[in-house]
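Let's take a walk through this one together. Have the sequence and the 3D view open, and follow along one stop at a time.

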Amino acid sequence: MLQHLIRELDFDAILEIIAAHAQTELGRFLIFGGLDFLNREAVRERCALIREYSRLIEEGDRLSFRGLDECRPLLETEEMIPAEAPALLSLLSLARRVAAVRKRLLKAPSELEQLRDFGERLPEMSNLVRWAAPKLGRDGQIPDEASPELAAARRKILRVRGRILQSLEGIRRSHGSALTDAPPTLRRDRYCLPVKASSRSRVPGLLLDHSSSGATSFIEPFESVELNNELAAALASEREAIRKILNEIAGVFEKLREELLEAIDLLGLLDALQAAVVFGERVRGRLIEPVEDAELILLEARHPLLDERLAELRAAIRSHKTGEASTPDTRKAVPLDFRMPDESRSLIISGPNAGGKTVVLKTIGVMVLMALHGIPLPVAEGSSVPFFDHFWCHVGDEQDVSADLSTFSGAMKATAEMLEEAGPRSLILYDELGSGTDPLEGAALGVAMLEELSRRGALGVVTTHLSAIAMNASAAPRMANAAMEYDEQHHRPTYKLRMGRPGRSRGLEIAESVGIRSSIVKRARDLLGGEHLELDRALKRLEEIEARTLEEKEAALSERVRMESERLRLRQSRQELETELQALPEKLKQEQEKLRKTARKRLDRALEELDEATREQRHLGKRTRRRLREEALKDPGFMASSEKPADTAELKEDTPVRIISLGREGILRRLQGHQAQVLVGNTRLWIPRSDLEALSSSKGRQPTKARVEVESGEGGEAELKLLGLDSTEARERLERFLDHADVSGLRLVRIVHGHGTGTLRRMVQDCLKEHPAVSSFSHPPRNRGGTGATEATLRD
C-alpha cells in the first residue's frame, strides 16, 4: 500500500526535497526508508522525536554529521581496519563527531527524554579522541610527539642531513668550476651534486643519474656515501616508528568497530530527523501530530511540489538528476483551505478542466502522509489530521497492458480492492470518478460507490466531471458538493475550492477559447439538449449569486473589522486619557515638590556663601551679589495649582510678605517696577513681585531668621584710596568698599584715584555707573582733590 500511495501522490518527489537537507547518505536512505504510518505508536514516537529535535536546534546550532559516509565502508568490511593515515584520520573525525553529538544531547533539557536517551546510547569517545589526536594530526601527518622513537629518529635525520649538506657544500667550494649553479639535490633518496658532464671525472663519487639533456651528471661524492647511508637508516627508523603508531591507532579502532557502527546508525537517524526539521523551518511548517477521531482540517496548505519557497531547491534537484540546468518555477501556489462540511463523509469536487481538482486531491493526500511520517506540514495554525486504519488513493491511469487490463478495468479492479477494506477509519481519494466508460453507466457506478462508502462511514474525497454524480450528492445524506472557482471576467481558474455547490465543467467554453470553431461549439450546444443547458444555466446563476454573496460578505466583514478596530482604538484612547487624568494630580504634586526642593537648594547655597563671607569678615562685590541673587531667584518654571497668584496691588513697603516659590517670609523694603526688595533675616533679596504674597500683620509670623548676618559696622570708611593699584585689584576693592558703605548706611563716599594716565579714573566712573547703590557721582572742588578724586552719593 505504501509504494502505491507514494507513486499515486508523487510522495517520493517530496521525500527527495526533504532528503536534500540531509548531510549523509545514510540520513537520505532513512528518509526514503518509510514508516509504518498505520502503526500509531510508531507515528507518535516519530512525532515526539521531531518535536524534541525542533526544540534542540531552537536552543542552539544544528548538529553536524559530516564524515559518516567515508567511515561506514571502513567499518562494514570484514577486513582489518587499514593502518593508513587517511583512513585513521576519517575514523578519528568520526570519533570527534560522536563525542560532540553525545555531549550536546546529554546537555539537552530534561524534558527531551528521547534525545537524551540517544546520547546515552552513543559510545563515549572523548578519551579516545584525547589519546589519538596528539598522535595523528588533522592534516594526516604524524607529529614528533607521537612517540619517543619517532622524535629521536627525526632529530637524527636533521643532524645527519645537516652534516651531509655541510660536506657537499665543502666539496662544492673546492670543485666550483666542475659543478653547475644548481644546489645539492636528491636522487634515489640520496643527496648528490649536479656536476657538468664534461667534468665528471674531477669529482670522485657514485653516478646516480643524468639530466634529460645529458649535460648534467648527479654524483654522490665518496665522502658523503656513509652519511647518506646513515640518513637512510634514520629515515627507515622514522618509517618504522610511524608504522607502529598507525598500527596502534588502527588496533584501538578495530576493538571499537561495533560501537562505531552503532553510533553511525544513530547519527544517521539524527541526520534524517534534522533534515525533516530543517525542511519544516524552510516552509514555516507545523508538526501536526495525528489524533484519534480528529477532524481533517487543512488551513493554507501548500503542496511542496508547488510551494514557491522550494522552487530553487526543486530546480537544483532536477539539474542534479538530468545533468542540465533547470530554471526555478517562480509561480506562487494558491493555498488550500479544506474542511469537510458538517455531517458529511463524502465530498464531490467538480469544475472545469485544469481547474485544480486533482491538485486538491493530491494536496490532501500528501498532507495526511506527511503528518503520518512526522514531517512538518506547510499549513497554518488550526490544522488537524486524524489517524486512519486504511488509506487508499486512485489518481491517474490504472491501465496494465501486461495484465490485459484497460484503463477502466484497471480502475474497477483497484476500486474493488478498496471497497473490501473500506471502513469508518478509511480515507478514500478518487480522481475522475465515473470516467473511462459510458457516462450514464459511469455516473451510476459512481453514485452507487459513494453510497456504499457513506454507508460504511469512510471519509471520501472524489473529483468528477459528471453532473449526475454532483447533482445526486446535493440531495444524498452525508454527501456534499464543492467546486473549483473560476474567474468569469478573465476566463481562467483561480484554483480556490468553494464548498456547498457543484461546479461547471465548461468543456464547450474551454474548447472555444482554445480555437475550436464557434459553429462546432454551437452545434454541440444544440446536441446537448435543453435539459443539460438549463442545468448549466442554473449552475451559472448559482455561481453568480454566490460570487455576489461572497463579495457582499467580504465587504461586510471588512467594514465590521474596520468598525471593531475603530472601537478598540477609541476604547484604548479613552483608557489612556483616564489613566493620564488619574495620574495627573500625583504627577503635578511630584513636580511641584521637585521644583520646591530645587528652589530651596538654590537659596541655601546663596545663604551659605553669605554666611561664609560674614565669617571671613569680607564684603561681597556687586557682581558676586548679583550672581547670588540670580541663582537664588531663578524662575522654577511652575506655579502650584493649589496656590493662587499673589495680588500685587496689596503689596506695601515695610509690611510682611511671603515668597511663594521659596516658602519663606520676610519684610518688603522697596518696590521698584516688577521687582521687590525683601529682607529675609539680615539678607536683602530681589524677588519678582508676582512671586510675593502679602501677609496681614495679625496672622503674619515672625520672619524666618536667616543663617547669615551682614553687619556694616559703625566705623565704615568714607574714603577709599586706590593709588598705586592696578585696574583689576582697584575695581575689586572699590566694589567691596561700595557694598560695605551701602550696608553701613553711608550717604557720601570719596574715592581717591589720582591723576596719572586716567585709567583708574575711568575705571572708577564705570564702576560707579554700574553699581545699583550709587545715586550720583562727581569730582570734588580742587581744594578736596579735584579730578584726582571722585565723590559718590549713595541711594537712601
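What follows looks at a pair of helices, then at salt bridges, and finally at cysteines.

Keep in mind from the start that this is a predicted model.

Let's begin with two helices. Packed helices are described by the angle between their axes and by the distance between those axes. Here, helix 9 covers residues 148-174 and helix 10 covers residues 222-255; they pack at an angle of about 160°, and their axes lie 9 Å apart. Angles over 145 degrees count as roughly antiparallel, so helix 9 is roughly antiparallel to helix 10. The way helix 9 passes helix 10 is a left-handed crossing. And what sort of residues make up the contact of helix 9 with helix 10? Sorted by class, there are 14 nonpolar, four polar and eight charged residues.

On to charges. Side chains of opposite charge can pair when their charged atoms come close. The structure has 43 salt bridges, and a few are worth a visit.

Asp144 sits in the loop between helix 8 (126-132) and helix 9, while Arg154 is in helix 9, 10 residues apart.

Next, find Arg187 and Asp209, whose side chains form a salt bridge at 3.4 Å, N to O. Arg187 belongs to strand 1 (residues 185-187) and Asp209 to strand 3 (residues 205-210), so this pair ties together parts that are 22 residues apart in sequence. Arg187 is partly exposed, with a relative accessible area of 26%, and Asp209 is partly exposed too, at 32%.

Arg243 and Glu240 meet at 2.4 Å, N to O, and both lie in helix 10, three residues apart, or about one turn of the helix. Arg243 is partly exposed at 42%, and Glu240 is partly exposed at 32%. Elsewhere on the tour, salt bridges with shared partners join Arg40, Glu41, Arg44, Glu292, Asp293, Asp389 and Arg425 into one network.

Last stop: cysteines. A disulfide is a covalent bond between the sulfur atoms of two cysteines. How many disulfides are there here? With sulfur atoms required to be within 2.5 Å, the count is zero. Cys192 is buried, with a relative accessible area of 0%, and Cys767 is buried as well, at 1%.

Notes: Residues numbered from 1 in each chain as written. Predicted model: local features only at pLDDT ≥ 70, side-chain atom pairs only at ≥ 80, totals over all residues. Heavy atoms only, no water. Buried < 20%, exposed > 50% of the residue type's maximum accessible area, 1.4 Å probe, protein only. Axes fitted to C-alpha atoms, helices over the stretch in contact; angles between N-to-C directions. Helix = DSSP H or I, 4+ residues; strand = E, 2+ residues; numbered from the N terminus. Parallel < 35°, antiparallel > 145°, perpendicular 65-115°, else oblique. Left-handed = near helix turned anticlockwise from the far one by under 90°. Nonpolar A, V, L, I, M, F, W, Y, C, P; charged D, E, K, R; others polar. Salt bridge = Lys/Arg side-chain N within 4 Å of Asp/Glu carboxyl O.
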